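Me: I'm new to this one. Can you walk me through it in short answers?
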Amino acid sequence: MTSRRTIAQPATIRGTGLHTGVTTTLVLQPASPNTGIQFQRTDLPNGPRVRATVDAVRDTERRTSLGDGDVTIETVEHVLAAVMAHSIDDLVIALDGPEPPAGDGSAACFEQAIRESGIDERQGEPVIHAVAVPLTVRDGDASYVIGPHAGLRLTVTIAADHPLIGQQAGSYDIGPDTFRAELAGARTFGFASDAAGLRERGLARGATPDNTIVLSEDGLVGSTLRWTDEFVRHKAVDLLGDLALLGARCRADIVAHRPSHEGNVALARTLKRAAVRQAPSIMGIDEILGILPHRYPMLLVDRILEVEEGKRIVGLKNVTINEPFFQGHFPGHPIMPGVLIVEAMAQVGGMLLLGAVEDPTDKVVYFMSIDGVKFRRPVVPGDQIRFELEMLQFRGKTCRLRGVGYVDGRLVAEAEMMARIVDR
């Protein structure tokens with residue numbers, strides 16, 4: 001696909017939240033290209049928005065919640081699963097409360113709303129994360145094996161000591177039709193014995209037999225199953241919704257064993273850092289040269305992938321055997337000097353600072369201190385370092401940044417930096 005997708009017209013859903021018990025009206029709204037997926041709290045002053053990304057994840061107990069400052073959105077996975085199944089790139093999900101409506105406990109109401117609204121294809125390149133080499137992710141009891149695939153395939157296995165669950169497995173090639181027929185109607189489930197404890201922790205306050213499959217010790221309470229394997233189907237829905245936090249379409253074959261929201265988010269983080277990004281850079285080398293004063297052999301940034309002004313930036317450094325420092329560090333055993341890894345990280349941070357000033361050619365960034373530097377593994381020729389930096393504090397012309405560097409999804413370096421913008 002060469003165009004970005006949003007919905008053709010607004011769609012409204014009203015109901016009670018599964019965990020908060022608050023009645024909310026949710027409106028799916030078309031969005032312009034490059035908006036991404038955003039939640040908007042229309043009940044709060046100025047209608048603050050929260051981007052649907054792994055960086056905004058706030059909690060993963062029994063659901064996935066997002067937040068930014070004092071703004072929180074609970075249980076986002078079901079609506080995001082429908083968004084992901086329809087390959088929607090740009091959408092505003094406006095709601096006048098803290099949680100999307102539960103519907104019947106499945107993603108069916110969101111899938112229907114998107115389908116009936118229709119899809120509007122607009123100019124722009126969709127962002128696609130494709131897996132180039134096999135990966136594995138483990139988080140607690142959850143484990144994932146990821147491989148290359150032309151589309152998105154989810155294979156999910158679960159096990160539970162209950163006569164209606166036991167061991168279940170299912171494999172699904174994700175697309176609008178498959179999602180509607182095989183997954184969208186699979187409902188959330190829980191055990192009656194857990195209800196009181198969950199409510200004491202502020203969870204499941206809107207859960208009823210009308211929106212939850214309630215399991216007793218040996219059967220069901222007040223409902224019948226839509227499929228005998230409805231439980232594993234719903235786990236696939238949760239996984240798909242959490243994968244939407246990539247902020248991109250996904251091309252991968254994912255085998256998930258005992259997936260959880262916490263594990264799904266760890267998976268999304270790994271994919272975001274390790275997958276091949278099939279989309280134009282936000283800034284290429286020409287734009288970088290127009291902002292940073294560095295030149296060969298000290299320019300150590302090749303691309304900028306993401307920028308959230310005043311908040312965070314993501315950049316790449318391609319490490320090749322032609323780097324001049326490999327002549328002496330070390331002959332026959334080339335390793336990128338740690339000080340240059342930190343320098344490359346600092347230059348990505350400089351792009352965040354200088355990119356926000358009116359005329360960056362008149363300014364330069366001086367780094368005043370670097371603290372908490374840790375190197376986790378060596379960087380060698382052929383590696384591509386993905387640097388992620390976030391703004392911790394900005395006062396006047398001085399700021400604090402926290403940076404991390406990854407190669408193939410594995411942490412290689414981290415540091416905190418203090419910098420100041422000065423005139424050249």
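Me: Is Phe326 buried or exposed?
Reply: Phe326 is buried, with a relative accessible area of 7%. Buried means under 20%, exposed over 50%, and partly exposed in between, with a 1.4 Å probe and protein chains only. Keep in mind that this is a predicted model: local features need pLDDT of at least 70, side-chain atom pairs count only at pLDDT 80 or more, and totals for chains, interfaces and linings use all residues. Residues are numbered from 1 along each chain as its sequence is written, and side-chain values use heavy atoms, with hydrogens and water left out.

Me: How many aromatic pairs are there?
Reply: The count is 2. Rings of Phe, Tyr and Trp (its six-membered ring) pair if their centres lie within 6.5 Å; planes under 30 degrees apart are stacked, over 60 edge-to-face, the rest tilted. Phe189 and Phe231 make an edge-to-face pair, 5.0 Å centre to centre with 90 degrees between the planes.

Me: Where do Phe189 and Phe231 sit in the chain?
Reply: Phe189 is in strand β16 (residues 189-191) and Phe231 is in helix α5 (residues 230-243). They are 42 residues apart, so the pair links distant parts of the chain. Helices (H or I, at least four residues) and strands (E, at least two) are DSSP runs, numbered from the N terminus. Phe231 counts as buried, at 0% relative accessibility.

Me: And why is the pair of Phe325 and Phe326 edge-to-face?
Reply: Because the planes of Phe325 and Phe326 are at 65 degrees, with ring centres 4.7 Å apart. Phe325 counts as buried too, at 15% relative accessibility.

Me: New topic. How many disulfides?
Reply: A search of the whole structure finds 0. A disulfide is a pair of cysteine sulfur atoms within 2.5 Å. Cys109 is partly exposed at 22%, while Cys399 is buried at 2%.

Me: What is the strand order in the open sheet of 5 strands?
Reply: The order is β2-β3-β9-β4-β5, with mixed pairing. Two strands pair if DSSP finds at least two bridges between them. The edge strands are β2 (11-16) and β5 (49-51), each pairing on one side only.

Me: How do β3 and β9 run?
Reply: Antiparallel: 5 bridges join β3 (residues 23-30) to β9 (residues 91-95). Leu28 stands opposite Ile93 in β9.

Me: Which residues touch the most other members of the largest nonpolar core?
Reply: Among them are Leu28, Phe39 and Leu80, in a core of 68 residues. A nonpolar core is a set of buried Ala, Val, Leu, Ile, Met, Phe, Trp, Tyr and Cys residues joined through side-chain atoms within 4.5 Å.
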